[in-house]
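Q: I am new to this structure and would like to learn how to read its features. Could we go through them one at a time?
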Amino acid sequence: MKFDTPATTNPIDQLKVVGQPVDRIDGPLKTTGTAPYAYEHHEGLENTAYGYVLGAAIAKGRIASMDLSRAKAAPGVITIVTAETAGALDKGTKNTAKLLGGPEIEHYHQAVAVVVAESFEQARAAAQLIRVDYVKADGAFDLADARKGATAPTDTQADSKRGNFAAAFAAAPVKLDETYSTPDHAHAMMEPHATIAAWSGDKLTLWTSNQMIAWGVGDMAKTLGIPKQNVRLVSPFIGGGFGGKLFLRADALMAALGARAARRPVKVALSRPMIFNNTTHRPATIQRIRIGAAQDGKITAIGHESWSGDLPGGGPELAVQQTRLLYAGENRMTALRLAELDLPEGNAMRAPGEAPGMMALEIAMDEMAEKLGMDPIEFRVVNDTQVDPENPERPFSQRRLVDCLRQGAERFGWSARTPHPGRVRDGDWLVGMGVAAAFRNNLVMKSGARVRLDNKGFLTVETDMTDIGTGSYTVIAQTAAEMMGVPLEKVRVRLGDSTFPVSAGSGGQWGGNSSTAGVYAACVKLREAVAQKLGFNSADAVFTGGTVRLGNRSVPLAEAVGQDGLVVEDAMDYGDLSKRYQQSTFGGHFVEVGVDVVTGEVRVRRMLAVCAAGRILNPKTARSQVIGAMTMGVGAALMEELKIDKRLGFFVNHDLAGYEVPVHADIPHQEVIFLEETDPMSSPMKAKGVGELGICGVAAAVANAIYNATGVRVRDYPITLDKHLDRLPELS
Amino acid sequence: MKSFTYERAASPAEAAAAASRVPDAKFIAGGTNLLDLMKLEIETPGHLIDVNGLALDKIEPTNDGGLRIGALVRNTDLAADARVRRDYGVLSRALLAGASGQLRNKATTAGNLLQRTRCPYFYDTNMPCNKRKPGSGCAAIGGFSRQHAVLGASEACIAVHPSDMAVAMRVLDATVETVKADGTTRSIAIADFHRLPGDTPQEETVLEGGELITAVTLPKPVGGTHIYRKVRDRASYAFALVSVAVVAQRDGTGRVALGGVAHKPWRLEAADAQMPRGAKAVHERLLADAKPTSDNAFKLPLVRRTLASALAEAKG
Amino acid sequence: MQTPCILAVTRRELLIGTALSVAIPASAAPSAAIAQTGVKSMNSKVSFDVNGVSQQLELDNRTTLLDALREHLHLTGTKKGCDHGQCGACTVLVDGRRINSCLTLAVMHEGSQVTTIEGLGTPDNLHAMQAAFVKHDGYQCGYCTPGQICSAVAMLGEIKAGIPSHVSADLTATPDVTAEEVRERMSGNICRCGAYSNIHDAITEVAGRQA
C-alpha cells in the first residue's frame, strides 16, 4: 500500500480502541518476570555453552602477540575465537569499527577474543588468562584539540545557507555569540547487549536484543559472508536500547563465532564494565551559536556550527538539524564539522542530532531573550514560523509550538517566574524556573505486517517490529483491533522475528506511527479478502463487534474466514508527502529546580511537557515515553558524562556507579499534556513520533531554570555543582 | 573470578586460624564489595571463609555506657537501632546516606570499614595502579581525578576511602575489636585503623593477615547535635564528593570529620580545638595541607561551605 | 524489625565437597569437615527454598545467587543488569529482606528462603504490586521491573518496620509513606526508561491500600 496523498477518514478515526489509554498487553509478562529477554531462552537449547568476551586493553595500536595456552587449558574451556582463528570476516555496513579487533585495535575494549566454556564462571575466569602483548599507537582523544583539524563530512549535508548571515549578524542591534559543549553520553540501557547463537548446518539463529531486526540480519550475513536467508534473528523483548541496539554488535558476532567453533549453542552477554567502551555512544559536541535580532525580538540572523568527532569512517553528530527549521529569520547558516578521534564509535542515541542540538540552542534562546528584555516564551513566539525557513514554499504539515508554550505556561504557573535571576529562596534552596521548546523531526519508514484471522475469530499480527519499551505490542494490537472491529483480547501480536515481514523497526521515533501504518495496510488487505470471500463490496462492509456487516446481513468474522482462516501480508510505503510538507513534532518543556545555596547541588522540583505530535495512539504508553525522555534529559542536564582519559584514550567511568544516570530520588512527579492533533500527512494513523520529542529541550529547560535560580550561566554540560559553586552567593 | 574453596567458620578464633592456614584466604560476610572486586579479579582469594554464621550480629551495651556493635550487624540494622538513632545520630545518618536499601541490608559493619576505594583506575585491571599492583604506577595522577583525594595523598596513590559509616565512626571515636589467628584479641582506635597511602597504598588498614574484626565499640554517648552532610551529584545511591560529620556541643566545642577527601576519614584534633572559634578556623586547620588536582579543587570550597552550614545548623 | 538471618548448620552442609562426609558425625562443625578430610573442592552443595520450593544444587563456588536462579533454576525473572550492585535489577527477597542477588554467592545461602518475582504472582494471578505496575504503566522495557517490584514490596515492609531513611526528618520518629521517602528508598533500582514517576504512583496506590 502506498501512502502518497493526505489521509482522509478511515476506520482508525473511530477511536474505539486506538487512542485509548489501555494497559500494555505485555504488562502481565513483564511484571511477573515471564517475558523472555535475549539471554533467557532455554527451550531446545539445553546444550548451550557460555561465551565471555575479552576487550582490548589499549585505545589504539595493534596486537603483537596473543598467548591463549593458559586459557585453553583452564577448566571447562571448549574453544577460544580470535581474529586470527575466526576466518575471514567482513564488516557490517552500519559498523564503523570492526566488532572483532586484531591485529589492528581501533578503540579501547574492542573485542579481541571470545572464550567459550561449559559455564559462565569458567569462561569469565579463562578470559583473564589470555595474555595479549600490544604495540600502542598515538591517538587523538580530545575533541577540543581535534576541532582545529575537523573537516566537512562528505556523506551528509555539511553546510546550509540562506540570505547573508554574516552581514545580517554584523548589523543586528542585539547579538549573541556563545559556545556550548555537550559530553559523550552512554545509552546505559538496563539489559546488557546479549545473544544466544545456534547453528543448524549453515543456518544461524540468534536470540538477541536488537531494535532493527532486518539491519541485524543484513549485517550479520555480510560480516560472516553468508546469505541473508541463512540468518534468523529473534528479539521478542528488548531491555532498552535508546539507539544502542540499532546495530549488530559484538555480543551477536562473538556468540555466532563461538557457536560455530564450539559446534553448540553459545550465549554471550557483554559485561557491564565493557559496554561503555565496546559499544556505541552519543558523541560529544562543541557548538557555536550566533543569533542577531532587532529590538522587537525578530531574529534577523541565526547561525549554528557544531563540531564532533568519530573514528575514521564514522559520521558527525547532526546537532544543527533543528536550527534549520525551528525559528524564523531571513539570514541563516549551519555547519557541521567532523574530527577524527580514536575513542569508541559514536552513533545514534535517543534523538540523535536534536537532543544535543537543542541542549545548546535552547540555552542560547534563553540568553538572547534576556538580552532583549523579553520573556523567553514571547521571544520564541515572535520567531515562530509555519514554513520551512530555508524553503518558505514548503509548509509544516502541523506546527503548534506556540500552543504548546502558551498552554504550558498557563498550566505551570509561568507567570510566577521572576525574570531577575537569583531572587527566589526557599530555605537553603535557590529556586528557578526554565522553559525550552521541544522539537524533533517526524520520520516515516516503510513497514510490513502479516495478519491472520482464524476460525475462532482470533487475529494474529506478525511483524519484525520490536518493542523496546515503547509499547509496540499494545499500539499494534489496538490498530489491528480497530481495523478489524474485534476486541483487543482477540488480538495476538508477535514481534521481533526475522521470519516475519520487515518493519520500520525501533529508532528515530518512527516506530510507532510507521509500524502501525504497516499493520493498517495489512488489515485493509484482510478486510478486502474477508469481504471478497462473502461477496461483499469491501468499501461498504462494516467491521464491528467481531462481525462483518453489509446492509442487514451480518457474519461473525470467525465464520466469514472459513475453516482455514485467512492470511494476508502487506506493507505501507511512502510517497513524497514528507518532502512536500515538513513533518516535525513540537513541545514545550517547563522545569522548576532548587539549587542548594550551600553546596550547589541541583534538584528538580517540578516538570511539565506539553507535546503536539499528531494522534496519540495510546496516551498511557505515549506518556511513559515522554516522562522517560524527560528523565533522560535530567540526566543529560545534571550528571551524565563519559569522562575521557585524554592520555590513555578511553571512557574512564565505565560502569553504572561511575556513569551516573538519574535514580528515583532525582525525579519528581512529571506531568505531560498532549494537544489534540491529527496529522493527515504522516500516515493513515495520522500519528507522529513522540518518544524522542520528549528528550529534546529538557536539558536546556533545566539549565535555564538553574540560571533563573542562581544567575550563573553554565554552558558546558552536565551542570554539576563544581561548575557554579564559586559563583554562588557567599554564605552569611 | 578465580576459583576458590569455601568453608563456613564456626567461631571467630577458628575463622582467624583457618585464614592463617591458607595464605590467600579471605573472610566473606556481606560480600557486597568483595564479590564485586572478585568478579573483576581485583581480589583473587583462593579460599573464602564465610563468617556469616558467627554470632557477631548483636548490638549490646558496654560496661562504660557505650555500645558494642557486632562485626556482622547489617548496615540497615545498625542505622535503625533505637539507641543508635537516639545517641549516635551521626552514625545512623551516615549509614543511611550510603549505598541503597538492598546493599545496606547485606553490608556489614566490619565490611563497611574494609571497603576498598572506588577509584576507576583501581577498578580497571588494564590500568596501572599501585594499590592493585604495587609498583605499577598510578593512572589517576594526571588522569580523571574529580573524585580523588585532596588531603593525605602520596605520589603513589590519590584514592579516597568511599565509606560514609567510617566517617561517623571516626567522629565518634569508635574502637575496632579484632581476633588474630593465635586467638589473641586487640582493640584498635578508629583513628589508627585506616592508613594513608604513602608508598604502600595496597595496605589500607593496620589489620594483620588473618585478623578478623569481631566488633566495633562506641564510647558512651557524648550528646550534642549530630549532623552528617553528604554532597553528591545525584540525589541518592552515589558516593560522596565530600561529606561532613559533626558532633557539636552547646558550649561551642565539638568534633568534625570529613569523608571523600582522603584515603581515610579525615579528622584532626587540632581542628576540633578550633570549634569554639567558628567554622573558618576549623576548616582552615582541617584543609591546611590540602593539595587538590585541577579536577577536584572544587572540593575545598565545597568542604568550607558545607562545614560552615553544618556548624551554623548545629548552633541552631 | 527483621533480624539478620543466622545460618543454621544442617547436616546437608557436611556433604560439602567430600564423599567421606557420611562418616562425619552430624554434630561436627562444617569447617571441621574440610579440615578433617583435607578435601578441597571448588564446588559445593547447597540447598535453599525458592518461592516455597526446596532446591538442592551442586554449584561452582563462584556462582552468584543471581546466576543460580537464572542459569541453573531457569528462573530468569530476576535480571542481570550490571552484575556489580550498581543497578538493582537483580533484587530478590532473602528471608524477607531485599538484597542484590548478584553480590552474594549461592553457597552462602544454605537454608535461605528466597522469593523472586515469580514467587510474587503469575500473569493470571498478579500480586497487588504487579497489578499496580500494569495499571500505572510503571515500566517500559520491563528489564528493571522485577527488581523494582521486589524492592517495592520489601521497601513498604521496611517503612512499616520503622526503619528510617536518609530523608527522614526526625531520626527517632516512625517514618511515613511519603513521596520523598518512597523515592529515596527506591533509589537502588535504576530504571533507564525513566518510569520513576509512574512507579511511584503504583507504589503509592498499593501502600494506600495496605494502610
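**Reading the strands, rings and contacts**

A: We can start with a pair of residues: K161(A) stands opposite M333(A) in β16(A). The model is predicted, so local features are used from a pLDDT of at least 70 and side-chain atom pairs at pLDDT 80 or more, while totals for chains, interfaces and linings use all residues. Residues are numbered from 1 along each chain as written, chains are lettered from A and ligands numbered from 1 in the order in which they are written, and side-chain values use heavy atoms, without hydrogens or water.

Q: When do two strands pair, and which strand is joined to β16(A) by four bridges?
A: Strands pair if DSSP finds at least two bridges between them. Strands (E, at least two residues) and helices (H or I, at least four) are DSSP runs numbered from the N terminus. Here four bridges join strand β8 (residues 159–162) of chain A to β16(A), and the two run antiparallel.

Q: In which sense do β15 and β16(A) pair?
A: Strand β15 (residues 299–310) of chain A pairs with β16(A) in the parallel sense, over ten bridges. In this pairing, I302(A) stands opposite R332(A) of β16(A).

Q: How many residues of strand β16 of chain A are buried?
A: Buried means under 20% relative accessible area, exposed over 50%, and partly exposed in between (1.4 Å probe, protein chains only). In β16 (residues 331–340) of chain A, eight of the ten residues are buried, so this strand is largely enclosed by the rest of the structure.

Q: What is the order of the strands in the open sheet of chain B?
A: The three strands have the order β1-β3-β2, with parallel pairing. The edge strands are β1 (5–8) and β2 (25–28) of chain B, each of which pairs on one side only. Neighbouring strands of this sheet are turned by 25° against each other on average, direction ignored. Such angles run from 0 to 180 degrees between N-to-C directions, and the axes are lines fitted to C-alpha atoms, for helices over the stretch in contact. Four bridges join β2(B) to strand β3 (residues 47–50) of chain B, and F27(B) has I49(B) as its bridge partner in β3(B).

Q: Which helix lies across these strands?
A: Helix α1 (residues 12–21) of chain B lies across β1, β2 and β3 of chain B, and runs at about 150° to β2(B).

Q: How is a pair of aromatic rings described?
A: By the distance of the centres and the angle of the planes. Rings of Phe, Tyr and Trp (its six-membered ring) pair if their centres lie within 6.5 Å; planes under 30 degrees apart count as stacked, over 60 as edge-to-face and the rest as tilted. A search of the whole structure finds 15 aromatic pairs over all chains. One of them is the stacked pair of W215(A) and F247(A), 6.1 Å centre to centre with 10° between the planes. W215(A) lies in helix α6 (residues 213–224) of chain A and F247(A) in the loop between β12 (231–234) and α7 (250–262) of chain A, so the pair ties together parts that are 32 residues apart in sequence. W215(A) is partly exposed, at 25% relative accessible area, whereas F247(A) is buried at 8%.

Q: What kind of pair do F396(A) and F586(A) form?
A: They form an edge-to-face pair, 5.7 Å centre to centre with 70° between the planes. F396(A) is buried, with a relative accessible area of 6%, and F586(A) is buried as well, with 1%.

Q: What sits over the ring of F396(A)?
A: A charge sits over a ring if NZ of Lys or CZ of Arg is within 6 Å of the ring centre and within 35 degrees of the ring normal. The charged end of R399(A) sits over the ring of F396(A), 4.9 Å from its centre.

Q: How is the size of an interface given?
A: It is often given as the accessible area lost when the parts come together. The buried area is summed over both parts and uses a 1.4 Å probe. Chain A and chain C bury about 4500 Å² between them, 56% of it on carbon and sulfur atoms. In chain A, T31(A), M190(A) and H664(A) lose the most area to chain C, together 19% of what that side buries.

Key: Contact = heavy atoms within 4.5 Å. Buried area = accessible area lost by both parts, 1.4 Å probe.
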